[in-house]
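Work through the exercises below with the model open. Each task is followed by its solution.

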Amino acid sequence: ELEYDGDPSFLTGGLEALLTTMGDLAGRVPYASETPPNHTQMNGETSSSPDGGYNFSTTTIGAKLGVKTGSDLVVCAMAHLEFVQRKTSSSRAEILAEMRNAKSYFKQTMANNLSGSIDVLLKADRINEGAKNEYALTATERSKIEAKIA
């Protein structure tokens, strides 16, 4: 099903070209179940290049980044969601769930102060808010994290 609002001439010529292009791209994109290339073993955890993705837990990312605050753990949770789970943005609920997975770092007060932690990160330009309550790491923050966890 396709819903379109715009110039009617697009429906006669442009739509067909768009569908052809999307079909070609879909054939080239690997399935999520495929194993990423270039895996290496570090401290008992599997990782790989940024192109292949990472396979670190939020706890391991927290150790590599030196988590001390709730804001630090939010960044680690988002790094896991973006680098490991390959999400382009994450909801507050997804971030909180991933924070809870880092049992050695998570404290209930961090959940209670999640709004404050997110506000601090937004003001520090470490994360961006795309849609309401959907967040992503900034490009600068992603680069810093990649350098530390690689």
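**Exercise 1.** Decide whether Tyr-54 is buried or exposed.

*Solution.* Tyr-54 has 7% relative accessibility, so Tyr-54 counts as buried. The cut-offs are under 20% relative accessible area for buried and over 50% for exposed, with partly exposed in between (1.4 Å probe, protein chains only). Finally, take His-80, 26 residues apart from Tyr-54 along the chain: their C-alpha atoms are separated by 8.4 Å.

This is a predicted model, where local features need pLDDT of at least 70, side-chain atom pairs count only at pLDDT 80 or more, and totals for chains, interfaces and linings use all residues. Residues are numbered from 1 along each chain as its sequence is written, and side-chain values use heavy atoms, with hydrogens and water left out.

**Exercise 2.** Describe how H3 and H6 pack.

*Solution.* Start with the geometry: helix H3 (residues 70–84) and helix H6 (residues 114–123) pack at about 75°, with axes 9 Å apart. That makes H3 roughly perpendicular to H6 (65 to 115 degrees). Then list the contact (heavy atoms within 4.5 Å). H3 supplies Gly-70, Ser-71, Val-74 and Val-75; H6 supplies Leu-114, Ser-117, Val-120 and Leu-121.

**Exercise 3.** Which residues of helix H7 are buried, and what do they pack against?

*Solution.* In H7 (residues 139–149), Glu-141, Ile-145 and Ile-149 are buried. Seen down the axis, they fall within an arc of 55°, so they line one face of H7. Their partners are helix H2 (58–65), H3 and strand E5 (134–137). The face turned away from the buried side carries exposed Ala-139, Thr-140 and Ala-147.

How values were computed: Axes fitted to C-alpha atoms, helices over the stretch in contact; angles between N-to-C directions. Helix = DSSP H or I, 4+ residues; strand = E, 2+ residues; numbered from the N terminus. Parallel < 35°, antiparallel > 145°, perpendicular 65-115°, else oblique. Arc of directions from axis to C-beta.
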